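Subject: Structure handover

Hello,

Here is the structure I promised to pass on. Please open it first, then read the notes below.

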Amino acid sequence: MWKNRTLLLMCLPAIIFFAIFAYLPMPGLYLAFVNYDYSLGIFESAFVGLENFRFLIMTGDLWKLTFNTVAYNLAFIILGNFLQIGVAIMLNELRSKWFKKVSQTIMFLPHFISAVLIGLLAYNILSYDYGTLNSFLKSIGMDPVQTYSNPAIWPYIIVVTFLWQSTGYGSIVYFAAIMGLDKSILEAAEIDGANAFQRIRYIIIPWLKPTFIILLLFSLGGVLRGNFGLFYNLVGANNTMLYESTDIIETYVFRTLMTNFNFSLGSAVSLYQSVFGFIIVITANWLVKKFSPENSLF
């Protein structure tokens, strides 16, 4: 420790942060196994064991929430990473430095737009009475669309919105990885007659493989953690007509805490979410370590 004291000192703020916000609150997980009573507190409330989890399973809510959360996150991870790789490669192929910088700046902007503003923009476009979309449809003699009562179209809206907001900023890591590639390799390939598509296929994409695997493993750790800000502001928390296709674990926990004041049930869902995510990360890392040991996290 003394030998590496400078590095440990640099890590100290992060260590303190996780100690306070990740480890000290852990005894509060006990809340998931009690019938919480405000007057008694967490550790004096009646112990009910797995009753809160059984209730979630019996009602069917747990399976629906898990499916929606995992399905959305898989779409975000898979489509997001492939789009980010594509954007990074296209930026690398641009020859005009001025146009490259302008393009990067424009693509980064959506990331810095708050979810509240995105929800407002979506409502102004999709609102039944005053939305831009329905105003246009009425002007050409077509019937307006009832977007906020049609659950079938919302997965597409949510996924497209997420990709629009995150692709430009997410491509930074891949673009930085491409910048670390030895340019002499690309030049040698070009001299040997490789065209742009061949250089991308045989040199750049294999070079990005370790970065892709690491980011994928990190993303899988949050596969059960939905983007609450995006879902809450796009859909709202109380639109029951859209629960079938838009309700995720985060929005459910929010309702149980803020509407039903059921802290035990909300804590049970959060604990299930964390344990499931931990298992996914360990399993995915084991698979990567088995087939490609040099790219595993640990």
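Helix 3 contributes 6 residues to the lining of the second largest pocket, the most of any element. Please keep in mind that this is a predicted model. The volume of this second pocket is about 320 Å³. It is lined by 15 residues, and those closest to its centre are Phe-76, Ile-77, Gln-84, Phe-162 and Ser-219. By class, the lining of the second largest pocket holds 4 nonpolar, 10 polar and 1 charged residues.

Helix 13 gives the most, with 5 residues. What is the class make-up of the largest pocket's lining? It has 8 nonpolar, 5 polar and 1 charged residues.

How many cavities of 30 Å³ or more does the count give? The count is 1 cavity. The volume of the largest cavity is about 50 Å³. Of its 10 lining residues, Val-235, Gly-236, Thr-246, Asp-247 and Thr-251 are the closest to the centre. Helix 10 (228–235), helix 11 (243–246) and helix 12 (249–258) each give two or more residues to this lining. Helix 10 gives the most to the lining of the largest cavity, with 3 residues. Sorted by class, the lining of the largest cavity has 5 nonpolar, 3 polar and 2 charged residues.

**The nonpolar core**

There are 18 residues in the largest nonpolar core. Those with the most contacts inside this core are Tyr-72, Phe-76, Trp-154, Ile-158 and Leu-234. Which helices each supply at least two residues of this core? They are helix 3 (61–93), helix 5 (115–126), helix 7 (154–179) and helix 10. The largest share of the core comes from helix 7, at 6 residues.

Tyr-72, Phe-76, Phe-162 and Phe-231 are linked into a cluster by ring pairs. Phe-76 is one of the residues with the most contacts inside the core, and Phe-76 is also among those closest to the centre of the second largest pocket. Phe-162 is likewise among the residues closest to that pocket's centre.

**Aromatic pairs**

The count of aromatic pairs comes to 20. Two of them are worth a look on screen.

Start with Tyr-30 and Phe-47. Why does this pair count as stacked? The ring centres of Tyr-30 and Phe-47 are 6.1 Å apart and the planes meet at 20 degrees, so the pair is stacked. Planes under 30 degrees apart count as stacked. Tyr-30 sits in the loop between helix 1 (5–23) and strand 1 (34–37), and Phe-47 in strand 2 (residues 41–47), so the pair ties together parts 17 residues apart in sequence. Tyr-30 is partly exposed, because its relative accessibility is 28%. Phe-47, at 55% relative accessibility, counts as exposed.

Now take Tyr-36 and Phe-263. Their ring centres lie 6.0 Å apart with planes at 70 degrees, so this pair is edge-to-face. Tyr-36 is in strand 1 and Phe-263 is in helix 13 (residues 263–291), so the pair ties together parts that are 227 residues apart in sequence. Tyr-36 has 25% relative accessibility, so it counts as partly exposed. Phe-263 has 29%, so it counts as partly exposed too.

One further distance for Phe-263: its C-alpha atom is separated by 12 Å from that of Tyr-252, and the two residues are 11 apart along the chain.

**Charges over rings**

Where does the charged end of Arg-5 sit? It sits over the ring of Trp-2, 4.2 Å from the ring centre. Arg-255 lies over the face of Tyr-243, at 4.2 Å from the ring centre.

Best wishes

Definitions and conventions: Residues numbered from 1 in each chain as written. Predicted model: local features only at pLDDT ≥ 70, side-chain atom pairs only at ≥ 80, totals over all residues. Heavy atoms only, no water. 1 Å grid on protein atoms, 1.4 Å probe; cavity = no way out; pocket = protein on both sides within 12 Å on 5 of 7 lines; lining within 4 Å. Points joined across faces, edges and corners; volume = space filled by probe spheres on them. Helix = DSSP H or I, 4+ residues; strand = E, 2+ residues; numbered from the N terminus. Nonpolar A, V, L, I, M, F, W, Y, C, P; charged D, E, K, R; others polar. Phe/Tyr/Trp six-rings, centres within 6.5 Å; stacked < 30°, edge-to-face > 60°. Buried < 20%, exposed > 50% of the residue type's maximum accessible area, 1.4 Å probe, protein only. Lys NZ or Arg CZ within 6 Å of the ring centre and 35° of its normal. Core = buried A, V, L, I, M, F, W, Y, C linked by side-chain atoms within 4.5 Å.
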